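Please look over the sequence and the model below before reading on. The briefing is meant to be read beside them.

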Amino acid sequence: MQRRTFIAAAPVAAAGVAMAAPAIAQTMPEVKWRMTSSFPKSLDTIYGAAEVFAKAVADMTDNRFQVQVFAAGEIVPGLQAMQAVRDGTVEACHTASYYYVGIDPTFCFGTALPFGLNSRMQNAWQFQNGGMELMNAFYAKHNIHGMPLGNTGCQMGGWFRKEIKTLADLNGLKMRIGGFAGRAMQKLGVVPQQVAGGDIYPALEKGTIDAAEWVGPYDDQKLGFNKVAPYYYYPGWWEGGAMLHNFVNVAKWNALPKTYQAIVYNAAHHAHTWMQARYDAQNPAALRQLVAAGTQLRPFSLEVLEGCLKAANEVNAETAATNADFRKLLDATVAFRGEQYLWWQVAEYTFDTFMVRSRGRS
């Protein structure tokens, strides 16, 4: 009796499986994207974050959604990654938003406003205080949808052929400096140069530029800047918490099933955390090695920092006066920065300052 019942029920069960399979396939279609990076493969952390993202997308979709990552120059030059996404040449890119301030200075807020937010503040603003929504309202005007994908933490102030003791030492200096900070540096007599990461070393070696900033010890050592410029300054006030982004073509984004959109966001968030954790883990040893090899580590003087802050504030005010998008993002960022430092000076700053002084005593 039970056997006959089972046999009779079996076709019904099989039919149920057959009916379910197409529904599952419809929610998990096969998708293949190309993602162009603004960075060379030699920089395993900043380029590697895109590969971490692509692997996470594939893992979460049982390889049904595949993202192929291309290094800078393989499809388009590194500083044209956003335009390739905007124009539909590729579906996505991994880049720094502030590379595109020549198109609109408002792009700087996606990466770093000079003297702006540190990396944790950037996260709080983007993920909890409406920053991502504000940025995407702006990005939509350029046919892209963005989400954070990595942060370098506070960057270094760069490599210089000569010592920088006063503001006067900056006058006439040809410096590779990315993003919006170059406009502030111009007010101090610097001639800013926009040079992709893989092209900085030969420019510095040949004397085409006198100074260059990139990220920090781990990447800078890989790129060999210490071989052609002896002075290494800090901090990189223009990038207190430089955030990277995944830009996706709006039409391609809207065409994704909601499940895939959620997977892309979560994969980006995973890679975002991975990048800064790796930089924080690798930078100390790299800095020790650079100094041991003869690098002259120097802090920017208070005169230089105060002069740069004044110049940056002037540029912000001038830009906000003629650009409504920039003014809206500037007001939001400055207000948030003020609230954050109200808290930061109470616990975070005092704890870190004490621990730095106490290093080696425990």
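Predicted model: local features only at pLDDT ≥ 70, side-chain atom pairs only at ≥ 80, totals over all residues.

Residues are numbered from 1 along each chain as its sequence is written, and side-chain values use heavy atoms, with hydrogens and water left out. The secondary structure of the protein comes to 13 helices and eleven strands, where helices (H or I, at least four residues) and strands (E, at least two) are DSSP runs numbered from the N terminus. Of its 362 residues, 50% count as buried; buried means under 20% relative accessible area, exposed over 50%, and partly exposed in between, with a 1.4 Å probe and protein chains only.

**Strands and sheet**

- An open sheet of mixed pairing is formed by six strands in the order β7-β6-β8-β5-β9-β11, two strands being counted as paired if DSSP finds at least two bridges between them.
- Strands β7 (191-193) and β11 (296-299) stand at the edges with a single partner strand each, so one side of each is left without a neighbour in the sheet.
- Four bridges pair β9 with β11 in the parallel sense, and Y232 stands opposite L297 in β11.
- Strand β4 (residues 144-151) is mostly covered, with eight of its eight residues buried, and six bridges join β4 to the antiparallel strand β10 (residues 243-249), where N246 is the bridge partner of M147.

**Aromatic rings**

- The count of aromatic pairs comes to 21, under the rule that rings of Phe, Tyr and Trp (its six-membered ring) pair if their centres lie within 6.5 Å, with planes under 30 degrees apart counted as stacked, over 60 as edge-to-face and the rest as tilted.
- F160 and Y233 form an edge-to-face pair, at 5.4 Å centre to centre and with 85 degrees between the planes; F160 lies in strand β5 (residues 158-160) and Y233 in strand β9, so the pair ties together parts that are 73 residues apart in sequence.
- Both F160 and Y233 are buried.
- One aromatic cluster is formed by F39, Y98, Y99, Y100, F107, F138, Y139, W214 and F247.

**Salt bridges**

- There are twelve salt bridges, each defined as a side-chain nitrogen of Lys or Arg within 4 Å of a carboxyl oxygen of Asp or Glu.
- R120 forms a salt bridge with E348, with the closest N and O atoms 3.0 Å apart; R120 lies in helix α4 (residues 119-128) and E348 in helix α13, so the pair ties together parts that are 228 residues apart in sequence.
- R120 is partly exposed, at a relative accessible area of 46%, whereas E348 counts as buried at 17%.
- The side chains of R176 and E213 meet in another salt bridge (2.7 Å, N to O), and here R176 counts as buried at 2% relative accessible area, as does E213 at 0%.
- Within helix α11 (residues 302-320), K310 and E314 lie four residues apart, about one turn of the helix, and they form a salt bridge whose closest N and O atoms are 2.7 Å apart.
- K310 counts as exposed, at 55% relative accessibility, while E314 is partly exposed at 29%.
- Salt bridges that share partners join K187, K310, E314 and E318 into one network.
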